[in-house]
Amino acid sequence: MNGANPSWRAGLLAPLVLFVLLLWGPRGTQQVFAQGQSLTDRIDALSRPEFRWTQAEGLSDVQALRRLSLDLRNTVPTPEEYEAFLATPTEGRWGVWVERFFADPLHQERMVDWYDKTLMQRRAFQHVDRATWMAYLRRMVDGKMPLDQVLRGVIKSSWWNRVERAEQRFFLDRGGDPHAIARDIGRVFFGRDMQCAQCHDHPQIDDYHQLDYHGILAFVSPSALVEGKTTDDKGAEQKLQMYAEKAPGDAPFESVFNKGVSFRSASRVPGGTEKPEAYLAPDQRIAATAPEGAFGGLPNPPVQSRRALLAEQLQGSNRAFAENWVNRIWAIAFGRGLVHPLDMHHFDNPPSNPELLAALTDALVASNFQVDELLKQICMSETYRRGRLSAFDGQVDERSVIRVGSPEANAWRGEIVQRKGALETELVELDKQQEAAEKAYEATRDAWREIQKNRVALRAELDGAEGSFQEAMKKWVEGSAAYDKALGAQNALNQKIQLLGEAASKLEQAKALGDDPELAASIQATRAKAEALKPQLAPLEQATAAAAANRDTLLAAREAERGKWQGIVDRIAPVEQQLQGADAQMVAARAVYQSIRKRTTQGQQHVARLERWLQWFDRSTEIQGFQSQATQIAMQRNAMVEGMTAMTGEKTRAEQAVAAIEGSLGEVVKQLAQVDMIVQEVQGQVSKLASTKASLMESKGLLGDATALDAAVVAVEAGMVAKQGVLLEKQAEQKGMQGKVAEMQSQAKVAKEVMDAVAAKMKAQSDSIAALQVAEQELVTKQTKGIEECALLRSEFDEDLQASLAIAPERALSPEQMGWSVLTATNVLPSYVQNELAELQKSQALGDDAPAEARLARQIQGVRGAIDKLQSNVDVFSNLYASGVGQTSDDFFASPDQALYVANGGSVFGWSAPNGNNLTNRVVQSSDPAQAVGLLTLGLLGRVPTAQEQQMFAEVLSKGPESKPAMVHELVWAILAGAEFRLYP
Amino acid sequence: MKKAHYACGSMEHLVNRRRFLGAATGATVAGSAALGTGLGGGGVVGSLSALASGAAAAEVTKNDYRVVVFNMHGGLSQLESWDPKPGAKTGGPFRAIPTSVPGIHISELMPKTAKQMHHLCLLRGVNTSEDDHGKGAYMMLTGRRQTPSAEYPQIGSVAAKMLHDEQTGLPGHIIVTPGGGGGRGNEAAYLGPKYSSIHLGGDKPPQNSVKPDAISAEVEQRRHEFRRRINEQFLSQRRSAVTDAYTHSYEQALRLMEKREVFDVSKESQAAQDRYGTSELGRQCLVARRLLENGVSFVQVTHSNYDTHNDNFNFHIEQVGEFDEAFANFIDDLAQRGMLEKTLVVVLSEFGRTPNINLYYGRDHWSRAWSVVMAGAKTIRGAAFGKTNDEGTEVVDGQVDHGDIFHTILRAVGVDSSQSLIVDGRELPIADPAAEPIWKVLV
């Protein structure tokens, strides 16, 4: 594990630093703007970051221009616009360009796109074609129709009128389905996705009740798709689906969670009370006559229109409605709402900046819902021009850096702790208030439910009476028809008799001219016929009289039923009145509860945010601790490793000593063995001599003369004496050597002991080193984990900072922005516009002296002509880069099929080729390399090149004239395909 | 009073979506800028990437299971396939034949499939009560009834989300359909378009997956090198999950181009091509096998069109015959290659056909008693689950519906079908909580 010291760990040993923690002082809840302050100033004042070090550096103006152009025109500035911007005197420059972009026809197209995506969420064109829809939206935008008015039109959408049929697209292309429409009215108009509240109170969002959902549903439940008959431009019969409103009626609903508790809801908007309606008898609900211009097959409109009722409430006075639209307008400029996600307004998801939302809402309402006015004020603010980098990103200057543990850092930490403590104290109080408010609300709700029970019962009764009433109506209608039929028969007979009489009279006149027997016969026959018919008259008259009587009886019966019906209605009236009172109380109590709970949530979120900072701070300190510990251990370990080296020498020496002793011992033992052998040999010789002597002595008795023998014995004895001398000598030598061996053996033992001791010492040392390594590793692991945690916390800050407007949100270009931006950067769109204008000029010349409106109209015409021609190219981007149908926003995602299109689809690479006066060609033609490099980054990305880019591009541009066009072409494509082009600055 | 918040253990719960994006791509995420505290300068890249992918790995247990769906478009007749009723007045003219599993008989129109029965699991008790083509198809593919106020992702998108490993460089959700344009479908609902299908036209590779001829290899290499250098320069200052996902998508695209051969069945041996035959379905099966082998998690092939209101029997002779050949081959091939252990094969329609034979010798729409077939992965082998009555008009045993089947598909590939995903603060169960897996057909 010695190798486990890669460079990154060395990096960790570098001083641990934190960024400036200078407080700007808390942002109070008191009004921070002075009277007469512009909205732009208010925006800046209200979005001041909580701590200075969390605020981003401002963006360069050119970069901001890219943002502005994308937001206001759905496309990047052209290279020429960037250049013109830089050429504008800096004093007041921003304002000049904000105005310029607002006045650009592309801005109108952008707003058309906004209306389209917001209202239709990329739904397919089924009942209304694209051209009709776009023409309608363009009319709204061109006429500067106030937003609320447009939205009222969408809801009311005069369905008998073909001219404004596009207005109905919101309903038509949702298939006229009441639930789909109710959900989207909630989402789009009020920022509340209450999908899950259809069958029960929302399981995850406490603020969305089943009652809220059905309140919205009631506005559209009487409407449905109906086929109307009309004629087209050529006079041929045409059948068109219309979203027509029929007679109202409401359905009871019951929670699938709480069986048996059933409700009836009249219409109500979020945050509002039920809208009372007059109880109209079944025969009085539909207008007697069709509206002017209505075409066939459609029912007459109802006397009380629920859609009209909803439309009436789409006003500034409805705060939920106004706040939702402010939030959506804000999202045009910031890519996210002050409440986010956009269709999740509820008390557990409060706005990130409630004061700002309130100020903007007031301003939108005061401006009579002029979207552009609000948007302009937003775009003028400093807040809008904030950068992406906060002090946390390590990009700020030296002054901002301090050390963890330094007095400044501690002061900052103290400040956070204090703020958090204060908030927590407030929260305790708020919690109490919230509990009380909830109880109060629940009491009013229970009271309302009690009365609601009465209404449900009475309404059930009324449903019965209504059935009988309808039945009586039907019978009366049948009776009337029977009477009409009887009367018809009677009249027919009368007429016949009369005609016969008249015929006879005419014949009489003819007869007066000359007597004719045949004529006389005819007269008689005619009269006879008439006479013969007369008796039939009486029964018919009787039948008519009977039918009349029956009809009158049925009428009376009908009126009796009406009376009964009315009787119940009269009994409902006081209940309704009671209910209205209770409803008002419930709604008011709920509003109080909602507002307190919103504040509680805000407080909790704030505490959580501070808590994250504290955690980050403490974890950073801890990491620093781990780091210094690790350093200490490393030092200790290094010392021990050095000690090991010394011990290794010692060990070697001991080993050598042992080896030396054992070596000499071996020698001596070898010598001893030799001596042992000699001793043995001599002993053998001595005993041999002894046995020779013994055999000589035996032989002596056998021989007569023993002299020779005696001499031999003497010789043998002498030999024995000599050998024994040798033996003694050798034995002495042997003994000496044995002693030496023993001595050396004991020496060897000692040497071995020394050696073992050194080995043991070394093992202990190496164990300690291993233990230190483990400890160090543990610290490194802890440190790594700490760094990971810090990084996670850091990315959560990033969310916090984006939400609190301290830094610009991370945004990717929408699919349409991506498409139009590629077409703009490559000069395709501008040249199409030029072509359109030239064509228009050819067919209908417009002089320079033409009135400004005419010139502007011409400009718009040119831009729209170009846009319509290029739209299919942008549709390709929409298909690849967009979220699916019905999704509220275009969440960023990246997939290989997008990249495959940009790389191999042919279009993007084709557009990037040098052509005419496009950027690629300008760069190719430029003889000044520095200028060319500048043009590339400015024209495509709105900024100056970095040093690296300077070098890289210069290298490419220095290629010979043959390869330069191709290389620049590739470079332009590469920039368009790069991450920076896809993102907002 | 606070409501208890639902804990679901889904990845979005712990790792929020935006942050997760980058990690999900498997890219090395983050860098010193993301840490940004000056803690160690540029030295922490390694540990951070470990963090991002580690967090992801802990939450999503991707496995190497795959799913392939045979969509028998128009409504396959169960009586001429999986659940024959020879001799009954509703039975039609065809016999039933024995299969490799004693006791299980299927229509004589499927002799080859009969030999593969030991791999299959028949669900003969399907009752979905929906006789409309569009609604029936929606139910079978999403496991839910269509409601106007909510949209649900199809099985292919769910499988891609839960199973697919992006490192393969191939898309996770592919629909092979004759005449498919090569574009992206719209089946993912709230899972996001990332999990929508790539449509393949028969055995043709995806749109734009080949370098235009006008661009030389040299230019191709150079322009992408430019792109990388330009990105590096930008990312050294600003790096996030978003930028990583975006730059990574281009590398993925290049890898897909390299892997383009996967889509090209002519790269298969002649023997393999002969085996799968020249029928369109046969070719689709071969593409499907290649895609599965190369790590695509979900492939849907289409066999069209079974909507036989007229002349049901002649039509089925032809159509089922073609299916039999391709399907039996496919199963056999997967089994031989050992792929069936990890591949779930599903044969479904939007509904079955009426037992009653109409005046035109046709059968009409019938959703009250029909059959779906599964094979492989964690399903039991050689089984017939569920039973219809003698005339095939009603289910008498083992009744299941689209919701149960959806759960079963997920379970069969090791996905807990009772879990939920959290998307934009909404808790969304991946399968209908009112239904549950058919445990008896799962091992």
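Two strands are taken as paired if DSSP finds at least two bridges between them; strands (E, at least two residues) and helices (H or I, at least four) are DSSP runs numbered from the N terminus. The structure is a predicted model, in which local features need pLDDT of at least 70, side-chain atom pairs count only at pLDDT 80 or more, and totals for chains, interfaces and linings use all residues. Residues are numbered from 1 along each chain as its sequence is written, with chains lettered from A and ligands numbered from 1 in the order in which they are written.

The model scores ipTM 0.78 and pTM 0.77.

Chain B contains an open sheet of eight strands with mixed pairing, in the order β6-β5-β7-β1-β8-β11-β4-β12. Strands β6 (198-201) and β12 (383-385) of chain B stand at the edges with a single partner strand each, so one side of each lacks a neighbour in the sheet.

In β5(B) (residues 173-177), five of five residues are buried, that is, 20 or more other C-beta atoms, placed from the backbone, lie within 10 Å of the residue's own. His173(B), Ile175(B) and Thr177(B) point one way from the strand, and Ile174(B) and Val176(B) the other way. Four bridges join β5(B) in parallel to β7(B) (residues 298-304), with His173(B) opposite Phe298(B). The pairing of β5(B) with β6(B) is also parallel, over four bridges, and places Thr177(B) opposite Gly201(B).

Conventions:
A residue is buried if 20 or more other C-beta atoms lie within 10 Å of its own, exposed if 12 or fewer, and partly exposed in between; C-beta atoms are placed from the backbone.
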